[in-house]
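Here is a walk through one protein model, from charged pairs to core to pocket. Keep the structure open and follow along.

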Amino acid sequence: SFLQGLKAEAARQLNPAEAEKARRWGEWLRNAQANAQALYRAGVLLAAGTDAAYPGDMQGEGLHRELELLVEAGMTPLEALSIATRSAARLIGANDWGSIEAGKLATFIIIDGRPDHDISQSRRVAAVFVRGRKIDRDGLRLDRQNDPGFEAISPSDF
């Protein structure tokens, strides 16, 4: 229900003041993207990643959108993927993350597609491995009927 509320809010008609604010935010986004590309081309370490700390940015979903925005900013899909893997690991000093190599943790995802050609295909996650073990993704799904910690919320709660 929360996600449905977010979608309804995103689809509603903006009033003139909101439309002007959205236009300005669009300009700021294009400026930020130009800055990101210039910094990357100058050799500055960029990293992608989010901890989904705000409503509407679901775990994982935010990163896929970051990848798309990096490509929209002018990076190639492979550069965007590297920013989210190798560069992110380097930024936090995680030497055993960020690439698939002998001696590393073997935590990775398998994509049903070619995100190196079309970054939106990064959303097509077929399998997840953590430390070399395949995760049962269906077993992780929330069972709203039996999960005692589940509490329904509405968008107005935020």
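Start with a charged cluster. Glu20, Arg23, Arg24 and Glu27 are linked in a network of salt bridges. Bear in mind that this is a predicted model. Within the network, look at Arg24 and Glu20. Their closest N and O atoms lie 3.8 Å apart. Both residues belong to helix α2, which covers residues 16–41. They sit four residues apart there, so about one helical turn separates them. Arg24 is partly exposed, at 33% relative accessibility. Glu20 is partly exposed too, with a relative accessible area of 33%.

The structure holds twelve salt bridges. The general principle is simple: side chains of opposite charge can pair when their charged atoms come close.

Now move to another pair. Arg65 and Glu72 meet through their side chains in a salt bridge, at 3.3 Å from N to O. Arg65 is partly exposed, with 35% relative accessibility.

Which residue forms a salt bridge with Arg123? The partner is Glu68, and the closest N and O atoms are 2.9 Å apart. Arg123 lies in the loop between β1 (108–111) and β2 (125–130), while Glu68 lies in helix α3. The pair therefore ties together parts that are 55 residues apart in sequence. Is Glu68 buried or exposed? Glu68 is buried, because its relative accessible area is 13% and the cut-off for buried is under 20%. Arg123 is partly exposed, at 31% relative accessibility.

The largest nonpolar core has ten residues. They are Ala36, Leu46, Ala48, Leu67, Leu70, Met75, Ala80, Ile83, Ala84 and Ile119. Helix α4 gives the most, with three.

Pick out Ile83 in this core. Which residues does Ile83 touch, leaving aside those up to four places away in sequence? The contacts are Tyr40, Leu46, Ala47, Ala48, Leu70, Met75 and Ala88. Among them, Leu46, Ala48, Leu70 and Met75 are also members of the core.

Now look for empty space. Rolling a probe the size of a water molecule over the atoms shows where such space is left. The largest pocket has a volume of about 1500 Å³. It is lined by 42 residues, and those closest to its centre are Leu63, Ala84, Thr85, Phe108 and Ile109. Ala84 also belongs to the largest nonpolar core. The elements that give two or more residues to the pocket lining are α3, α4, β1 and β2. Helix α4 provides the largest share, nine residues. What is the lining made of? It divides into 24 nonpolar, eleven polar and seven charged residues.

Finish with the backbone. Most residues other than glycine have a negative phi, and most peptide bonds are trans. Two residues here are worth checking against that. Ala106 is not a glycine, yet has a positive phi of about 60°. Ala106 is found in the loop between α4 and β1. At 34% relative accessibility, Ala106 is partly exposed. Arg131 has a positive phi as well, near 50°. Arg131 is found in the loop between β2 and β3 (133–134). Arg131 counts as exposed because its relative accessible area is 60%, and exposed means over 50%.

Notes: Residues numbered from 1 in each chain as written. Predicted model: local features only at pLDDT ≥ 70, side-chain atom pairs only at ≥ 80, totals over all residues. Heavy atoms only, no water. Core = buried A, V, L, I, M, F, W, Y, C linked by side-chain atoms within 4.5 Å. Buried < 20%, exposed > 50% of the residue type's maximum accessible area, 1.4 Å probe, protein only. Contact = heavy atoms within 4.5 Å. Salt bridge = Lys/Arg side-chain N within 4 Å of Asp/Glu carboxyl O. 1 Å grid on protein atoms, 1.4 Å probe; cavity = no way out; pocket = protein on both sides within 12 Å on 5 of 7 lines; lining within 4 Å. Points joined across faces, edges and corners; volume = space filled by probe spheres on them. Nonpolar A, V, L, I, M, F, W, Y, C, P; charged D, E, K, R; others polar.
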